[in-house]
Amino acid sequence: MTPTLKHLISGISGLIVTGKDTVTVRALATDSRRVVSGSMFIALPGLRTDGHFYVSEAIDRGASVIVCEKDCWVPPNVTLVQTNDLRSFVACVASRFYGHPEKALELTGFLGTSGKTVACTLLKHFLSKDGPLGVLGTINYSVGGRTLPAHRTTPEAIELFGLFAQIKQRECRRVLMEVSAHGIDQKRVEGLQFRNLVLTNLTPEHLNYHGSLEQYVSLEREYVKGQAKGLKYFIAGIDDGRVHSILETAPESLKAKALTFGCSEGATIRASRITYSERDTRFTLNWPEGQVKLVSPLLGEFNLQNTLAAIACGYAEGLDPVQMGADLLSFPAVRGRMERLDVECPFNLVVDYMHTEAAYDKGLDMLRGLTKGRLITIFGCGGNRDDKTRPVITDIVARKSDIAIATADNPRNETIEAIFEDMRRSNESHDNLRFIDDRRAAIAAAIAQARPGDTVLIAGKGHETFQEFGDCVVPFDDRAVALEILKNQQWHNQ
């Protein structure tokens, strides 16, 4: 049944309605290009533009309701709704429009700077025998077996509740979803109550948006505290100092629901006797009722943390750790997450999404420990991002690699030359650092220099299959490009 405006806004305080509230609402839209006849157009302000600029276009396309924060003119046949909090409004109305589908679902949310995608995907693997489920994350959205492309880690509220409705319709009971800090701050997840929340780690990320590390950590802390009442478990990675601090200072109601993971003594789910290699990770898994020796196909210390996070979630859901350990062996690599390309050549070729200072710092240390020869890194810094991190990342990569090649990584609305200029403002001089603006040429240069026992890391884009230049999106897949280049090497398949 198509809801009326009166039904959708009933009880929401602070609204000024001009026009009929009996009008039916056939669709919701925050993008004027998606407006159809009978739509409610919500004029959200954005980082690059403002929905208020597109009110006239939305009306021309058939919008019957306009929602905005600013006063604007609409014709007599269109109803105007004004609010001082558009973000909260859209989340509330989206839930009502789709019939509150989230209330029929058990939600597990993954918070933190890194590791969300791997932990979430691995938990899906563990739960796959337990019936269909929904997964919403950075790489794609899985709706009960149907896979859709992901536009954001955490979708905007209208898309999010629409996906919940589809997941419910496909008779899924569980939803696993990555919850980005942007999604929290922009109230895309407002009104949701999670059954379990996972906090992996907290390191500097998007500080140009959040303002400071302290504000970013505070945002995550307050969100977790706000969820405490309805949580079954708060699953926390206590090897991370900031996560540990959040847990230590949490109210008792939240501490009572804590289930911890890590390598530290006292973790509920703990790894010990760890051995890392260039092909796998071996460790003893400890939990309150027992222990077992496991082999993981995922590489490195932070993937061990991701594995422990997923096992801790499965344990919270009543899964047997021994069975999860057996299932771990059949887990395929997560695309673009420390992914070792399965190709026969005398060196390791790895693709990873790392793009923060902490990710480069830890990731390169990990690969250095697994590499018998030299470490060769292709990397870049994205446009329209914090320019202060560029020289820092450049220093990290150049110091920790034998050969470092800086190249394009989604320049967006900045020139590659300007980004390179920022990257060159490092505190050190690096004889092993080259700048090649064409990413394909940079990958080819790295592979041409590789020798047996080396590791070639293609960093920054991970799962992405495109490059962003200005307002254009150009197809580009690090994996496909690297494999194409490898075909021309004389030692291929030898």
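These legends describe close-up views of a predicted model. Local features need pLDDT of at least 70, side-chain atom pairs count only at pLDDT 80 or more, and totals for chains, interfaces and linings use all residues. Residues are numbered from 1 along each chain as its sequence is written, and side-chain values use heavy atoms, with hydrogens and water left out.

View A. Five strands form an open sheet with mixed pairing, in the order S1-S5-S4-S3-S2. Strands (E, at least two residues) and helices (H or I, at least four) are DSSP runs, numbered from the N terminus. Two strands pair if DSSP finds at least two bridges between them. The edge strands are S1 (16-18) and S2 (27-29), and each pairs on one side only. The twist averages 15° from one strand to the next. Strands S3 (residues 39-42) and S4 (residues 65-68) run parallel, joined by three bridges. Ile-42 stands opposite Val-67 in S4. Helix H3 (residues 86-97) packs on the sheet and touches S2, S3, S4 and strand S5 (79-82). Contact means heavy atoms within 4.5 Å. The direction of H3 makes about 155° with that of S3. Axes are lines fitted to C-alpha atoms, for helices over the stretch in contact, and angles run from 0 to 180 degrees between N-to-C directions.

**View B. Cysteines without disulfides.** The structure holds zero disulfides, a disulfide being a pair of cysteine sulfur atoms within 2.5 Å. For Cys-72, the nearest cysteine sulfur is that of Cys-68, 3.5 Å away. Cys-72 counts as partly exposed because its relative accessibility is 21%. Cys-345, at 18%, counts as buried. Buried means under 20% relative accessible area, exposed over 50%, and partly exposed in between (1.4 Å probe, protein chains only).

View C. S17 and strand S18 (residues 348-352) run antiparallel, joined by two bridges. Arg-340 stands opposite Val-350 in S18.

**View D. The largest cavity.** A search of the whole structure finds one cavity of 30 Å³ or more. About 50 Å³ of space lies in the largest cavity. Its lining includes Glu-278, Leu-299, Asn-348 and Val-350. S18 and H13 are the elements that give two or more residues to this lining. On a 1 Å grid over the protein atoms alone, a cavity is a set of points where a 1.4 Å probe fits but cannot get out; a pocket is an open set with protein on both sides within 12 Å along at least five of seven lines; lining residues have an atom within 4 Å of a point. Grid points are joined across faces, edges and corners, and a volume is the space filled by probe spheres set on the points.

**View E. The second largest pocket.** This pocket holds about 270 Å³ of space. Of its 16 lining residues, Thr-121, Lys-124, Ile-139, Asn-140 and Val-334 lie nearest its centre. Helix H4 (116-127) and strand S7 (133-136) give two or more residues to the lining. H4 contributes the largest share, five residues.
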